[in-house]
Amino acid sequence: RKLFHDKATKGKFTGLAWLFLGVPTTGAVLYDDEWKVMRESYPDQFRYDYAISNEMTTKDGQPMYVQHKMMEYGDEIWPLFEDPKTHVYMCGLKGMEGGLKEAFGPLAEKDGIDWTDFVSQMKKGNRYHCEVY
């Protein structure tokens, strides 16, 4: 929200912010109306997608988690990961890190990149921010 609404930053952000939110039920989606308004107000700069694990399923009928939702956009997201200006912020359960590997490890491998080394380099470059519990 700060990128678009804070007096000090309003109008200065020129990149793309893409929020993936994962929750078990629709009732647990936080700030949904606000995110949708932001997406409508800044269509070229803000994308918003969510996975609702107890209500949505993957193509093969499994519960939809964030990594599965991200995989739907893998061909769009992976080039962003490779861009040195991109920052990844992840917050949630510790197992979520494995989900990113599940989503992007194969794409990295296809490009001849080792996912673990790639994440390590992103961390060294202060581009990979992870808060898990």
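I take buried to mean under 20% relative accessible area, exposed over 50% and partly exposed in between, with a 1.4 Å probe and protein chains only. Helices (H or I, at least four residues) and strands (E, at least two) are DSSP runs, numbered from the N terminus.

The model is predicted: local features need pLDDT of at least 70, side-chain atom pairs count only at pLDDT 80 or more, and totals for chains, interfaces and linings use all residues. Residues are numbered from 1 along each chain as its sequence is written, and side-chain values use heavy atoms, without hydrogens and water.

**Entry: strands.** I looked up strand β2 (residues 46-52) and found five of its seven residues buried, so β2 is largely enclosed by the rest of the structure. β2 runs parallel to β1, and seven bridges join the two; strands pair if DSSP finds at least two bridges between them. I noted that L19 has Y48 in β2 as its bridge partner.

**Entry: cores.** A nonpolar core is a set of buried Ala, Val, Leu, Ile, Met, Phe, Trp, Tyr and Cys residues joined through side-chain atoms within 4.5 Å. The largest has 20 residues, of which I77, W78, F81, L100, F104 and W115 touch the most other members. I found at least two of its residues in each of β1 (17-23), α3 (66-72), α4 (74-82), β3 (88-92), α5 (96-110) and α6 (115-124). The largest share, five residues, comes from α5. Another core, of ten residues, lies apart and includes A17, V29, M38 and I52.

**Entry: Y133.** I located Y133 in the segment after β4 (128-132). Y133 counts as exposed because its relative accessibility is 63%.
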